[in-house]
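Hi,

Here's the structure I promised to pass on. My notes on it are below.

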Amino acid sequence: MNTDLSEVNDYWSLQDWLDDYCQEAKHDGWHNYGPADLPTYLSDPVRILLMGAESGGYEWCPKTPPDEYIKWIRGNEWTPRNGSVFVAVIREYIALLLGEKPVPQFDRSRFAQYYQDVDLLVEKMRGTIYMNARVTSNDSRSSREDKGGIWSDINEFAPYRRQFIQVLRPRIVICAGASARESLFIDGGAFPSTALRKERVFPVDNCIVVMARHLSRFGGYRIMHEIAFECASMYAAKDWSDN
């Protein structure tokens, strides 16, 4: 590998770096995370990165493209659907607040309608980055969380995640689950461990971090509504002119 990671300054170069690194490290498979539609992400003023923690669906995967997450949504996978609902609601609430319109009171039926509207969820996720705590393929022969493999990836790919976020510059980072949190808040990684706070929504550097439970056991749509409103309110109140 000839390119130093610190010198990689665009999305496609990041993907090339990861391919070269994983081939040299002799990983059986890995995931080129990112938005399914890069131009949509780059033109999006909101710019969201959803950080998950999944093992299911990652068994013995070869090099996997960024649009794999879209396939899981269309396949009615429970966790990707929940993640895409969360992203869609955050986007809706931001649009309402920026348009000086009130955010509606919690109504579970609205969230259920979101969950069933596959085309809408795919539309909202095409320009959203998805990344997972696991970068290499899950070789445990099980869909259950492989903590050892995840921890290995968290440490091995911490510098890559740091550079990824510095290059793609998301304004909102959703961190869903303990493994997702540990993969982001690690010294030498995306954010220093000292930046982690107890609040559900808080600023770090030039972005807003949203802390949530694992998306397979989120805690209910009411919690999703509350956190989405907190995030949208902080986004609408921030001056983004320098970012």
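**What I found**

Residues 24 or more positions apart make up 75% of the protein's contacts with a separation of 6 or more, a contact being heavy atoms within 4.5 Å. Bear in mind that this is a predicted model, where local features need pLDDT of at least 70, side-chain atom pairs count only at pLDDT 80 or more, and totals for chains, interfaces and linings use all residues. Numbering runs from 1 along each chain as its sequence is written, and side-chain values use heavy atoms, with hydrogens and water left out.

On the fold: there are 10 helices and 6 strands, taken as DSSP runs (helices H or I, at least four residues; strands E, at least two) numbered from the N terminus. The radius of gyration is 17 Å, close to the 18 Å from the globule rule for 243 residues, so the protein is as compact as a globular protein of that length. That radius is over C-alpha atoms, and the rule is 2.2 Å times the number of residues to the power 0.38. The C-alpha trace spans about 50 × 40 × 35 Å along its principal axes.

Of the 243 residues, 52% are buried (under 20% relative accessible area; exposed is over 50%, partly exposed in between; 1.4 Å probe, protein chains only).

Have a look at helix H6 (residues 118-126) too: its buried residues are Val-118, Leu-121, Val-122 and Met-125. They fall within an arc of 100° seen down the axis, so they line one face of H6 (the arc uses directions from the helix axis to the C-beta atoms). Asp-119 and Glu-123 are exposed on the face turned away from that buried side. Cover for the buried residues of H6 includes strand S2 (48-52) and helices H3 (68-74), H4 (78-98) and H5 (108-116).

Cheers
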